[in-house]
Amino acid sequence: MTADTAVLPTLLTALRLPSIARNWKRIAEIADRDDWPAARLLATLLEIEVADRTSRRIQRHRDQSGVPAGKTFATFDFNVATGVRKNHLLALGTGDGWIETGDNLLIFGESGTGKSHAVAAIGDALIEAGRRVLFTRTTDMVQRLQSARRDLALAATLDKLDKYDLIILDDLSYVRKDQAETSVLFELISHRYERHSIAITANQPFSAWGDVFPDPAMTVASIDRLVHHATIIEMNGESYRKRTAVARVKGNDSASDN
């Protein structure tokens with residue numbers, strides 16, 4: 001073992017290059033055998049390090065995102081998702097043309113029609129593309145912001161949320177103004193307006209959002225900010241859960257007949 005070989009692990013550890021530390025011997029043997037120029041050896045090792053760092057960062061962001069595991073495009077049934085086009089959803093998953101400009105995404109539909117799965121799949125694809133995403137139930141976000149307001153830290157909390165390219169507020173329609181002080185939700189919408197994106201799922205149309213916000217003026221202002229730069233999708237059709245239950249019953253009936 002040469003002096004250079006002996007000192008390499010220490011140097012790579014000090015420089016925090018774990019992927020090169022794991023792979024340099026194997027790659028160096030290939031380089032020696034095939035007579036690589038030094039630049040090719042260096043580029044190959046650095047490419048490995050960059051690729052592994054990217055992979056670790058994506059996994060870390062996915063773990064921190066709150067996006068439900070398994071809710072991806074690969075598991076989404078486009079054949080029964082009435083009102084959506086596969087290519088459109090896949091395009092939204094790239095983030096091109098809307099995340100950079102802070103545009104919003106609003107998905108409406110009855111309970112069980114796949115709204116949450118669709119927006120989670122978009123979020124998962126965005127994370128894979130290097131974006132930061134936060135998926136949360138709207139009620140949980142309201143509670144988080146209320147707590148921040150009580151602690152006189154609402155502005156700081158909103159600023160911290162700016163690290164996310166997209167915040168997904170799932171099930172907005174379950175928030176009720178008589179259950180919580182929802183003006184903090186308006187604060188979030190206003191803070192991110194034309195700066196960072198919000199995606200919302202709701203099973204009720206805009207006309208019913210008066211039950212969410214404290215007063216009509218705030219309802220109108222919230223809707224106005226959300227739709228100003230927004231893609232709106234309506235998902236119709238039969239509930240996934242209802243269809244699955246019916247299929248299960250039919251299967252049990254068929255088994256009983258046999």
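A crossing of two helices is left-handed if the near helix is turned anticlockwise from the far one by less than a right angle, and right-handed if clockwise. The model shown is predicted, with local features needing pLDDT of at least 70 and side-chain atom pairs pLDDT 80 or more, while totals for chains, interfaces and linings use all residues. Residues are numbered from 1 along each chain as its sequence is written, and side-chain values use heavy atoms, without hydrogens and water.

**View 1. Crossing of helix 2 and helix 3.** Helix 2 passes helix 3 in a right-handed crossing; helices are DSSP runs (H or I, at least four residues) numbered from the N terminus. The packing angle is about 150°, and the axes are 9 Å apart. Axes are lines fitted to C-alpha atoms over the stretch in contact, and angles run from 0 to 180 degrees between N-to-C directions. The two helices are therefore roughly antiparallel (angles over 145 degrees).

**View 2. Residues where helix 2 meets helix 3.** Helix 2 contributes residues including Trp-24, Ile-27 and Ala-31, and helix 3 contributes residues including Leu-45, Ile-48 and Arg-56. Contact means heavy atoms within 4.5 Å. The residues of this contact divide into ten nonpolar, three polar and five charged. Ala, Val, Leu, Ile, Met, Phe, Trp, Tyr, Cys and Pro count as nonpolar, Asp, Glu, Lys and Arg as charged, and the others, Gly among them, as polar.

**View 3. Lining of the second largest pocket.** Among the lining residues are Leu-8, Trp-24 and Leu-45. A pocket is an open set of points on a 1 Å grid over the protein atoms alone, where a 1.4 Å probe fits, with protein on both sides within 12 Å along at least five of seven lines; lining residues have an atom within 4 Å of a point. Helix 3 gives the most to this lining, with five residues. The lining holds eleven nonpolar residues, no polar and no charged.

Note on methods: Parallel < 35°, antiparallel > 145°, perpendicular 65-115°, else oblique.
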